[in-house]
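Open your viewer and get ready to select by chain and residue number. This tour goes from one stop to the next, with a short note on what is there.

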Protein chains: 2
Amino acid sequence: MAAVKLLGFWASPFVNRVQIALNLKRVSYENIEENLRAKSQLLLESNPIHKKVPVLIHGDKPISESLVIVEYIDEVWTDGPSILPSDPFARATARFWAAYITDKWWPLLTEYRTAEGEEAKAAAREKFVEGLVLLEEAFVKSSQGKGYFGGDEIGYLDVVLGSLLGWLRVREATQGVTFLDKNKAPQLAAWADRFTLNSAVVDVLPKTEKLVDLINSFTKTT
Amino acid sequence: MAAVKLLGFWASPFVNRVQIALNLKRVSYENIEENLRAKSQLLLESNPIHKKVPVLIHGDKPISESLVIVEYIDEVWTDGPSILPSDPFARATARFWAAYITDKWWPLLTEYRTAEGEEAKAAAREKFVEGLVLLEEAFVKSSQGKGYFGGDEIGYLDVVLGSLLGWLRVREATQGVTFLDKNKAPQLAAWADRFTLNSAVVDVLPKTEKLVDLINSFTKTT
């Protein structure tokens, strides 16, 4: 099997998606940390369109965009556990929610952060939690009483949503607000703890305090 | 095989994607035109999250989001020609460009439309054409000297990009500007004509004058 390299950055949830997927498949890879303020020639050449991490380089083939990479990993390393469901309708449902999370729900967190005034903040949080409740319903349907969206094991939606948990917790810590509302989404709250401690995840998902330090280093004036 | 219904609207390029994919697979389906100003109960129940067309209803299973539906069709009707390439790297490349077209390139047309002043218009057109040139390069690599992104037959990227041609031509007609620049993207310009006349496409892709009439009906004051 050709060598595998990952151009990434430890704090990027999109990079974390790829790292978790590679761990699930037990693929050995060289993890190359990029300096995002001085991107490597390899990154610029491997992803000339977006110039962004993650890029997976498999042999001499570069693949970009986290969701595209996760599907690629699932299709190439077929020996490991399946990441996407095998049933076409379940696959379509997982892809539908992945698009919802990426395009609609996650941007609501930025809407919260930039909302001005208490009333606007409260309304933005409310919208975010409404989306969370939709995801709770999707979890109940998809997990069928088991621990993950993927059933007994982590699957595609676990990776897509779970990768965002680090940043969700940072926003909770820094803004003094609860997003992962245990009353509104009790099953997802329990899933989040379970996901974080999973052996494919625990060393990948950044700790809250490390992310807080990172934010502080950006905003520090020296 | 369970009955297939498509909740759509003839002028939507996203609906057109699904119609072309069903034609490629020679799947018979009931085409249900929605009134987007008074959406049917079936649409609201089938796509409660976005309340948008297209929705494919296969038996009792509703599937939403055009790219998700196209992949579903490819995975369910395996008798027909493959829509996505079979090689994982080619699949990843096709999905990468589909995301580029949807998230980055197509929105540039709106940027052009809303740009104010000649200079801003020219700059917006330039950006759009730069993206077109990237797509020309992707076409050259993907088609390998054959007629379509998919080779001899229409594939995923043909469907994703080709479905937008009707609206691209409307914008050219109504704004007196060339987007599909034959000097900058000669192969794509030839591909566009070939795609439009393909038997799976010709009765699906709306004619420019019909789309112009539609726009006029929206803006008419009575």
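Two strands are said to pair if DSSP finds at least two bridges between them. Helices (H or I, at least four residues) and strands (E, at least two) are DSSP runs, numbered from the N terminus. What you have open is a predicted model, in which local features need pLDDT of at least 70 and side-chain atom pairs count only at pLDDT 80 or more, while totals for chains, interfaces and linings use all residues. Residues are numbered from 1 along each chain as its sequence is written, chains are lettered from A and ligands numbered from 1 in the order in which they are written, and side-chain values use heavy atoms, with hydrogens and water left out.

**Stop 1: a hairpin in chain A.** Select residues 55-58 and 61-64 of chain A. These are strand 3 and strand 4, which run antiparallel and are joined by four bridges. Look across from I57(A) and you will find P62(A) in strand 4. The two strands form a hairpin with two residues between them, and in the turn G59(A) has a positive phi of about 65 degrees.

**Stop 2: the annotated domains.** UniProt positions are given in the numbering used here, feature names are shortened, and annotations may be inferred rather than shown by experiment. Now select residues 2-81 of chain A, listed by UniProt (unreviewed entry) as "domain: GST N-terminal". This stretch is 36% helix and 21% strand, with its end C-alpha atoms 20 Å apart. Next, take residues 87-214 of chain A, which the UniProt annotation (unreviewed entry) calls "domain: GST C-terminal". Here the span is 70% helix and 0% strand, and the end C-alpha atoms lie 41 Å apart.

**Stop 3: where the chains meet.** Show both chains. How many residues of chain B are in contact with chain A (heavy atoms within 4.5 Å)? There are 24, and they touch 24 residues of chain A. In chain B, I49(B), F89(B) and F96(B) lose the most area to chain A, together 27% of what that side buries. Buried area is the accessible area (1.4 Å probe) that two parts lose on being put together, summed over both. For chain B and chain A that comes to about 2100 Å², 75% of it on carbon and sulfur atoms.

**Stop 4: a charged pair.** Select R95(A) and E71(B), whose side chains meet in a salt bridge (3.3 Å, N to O). The term means a side-chain nitrogen of Lys or Arg within 4 Å of a carboxyl oxygen of Asp or Glu. Between chain B and chain A the count is six salt bridges.

Notes. Contact = heavy atoms within 4.5 Å.
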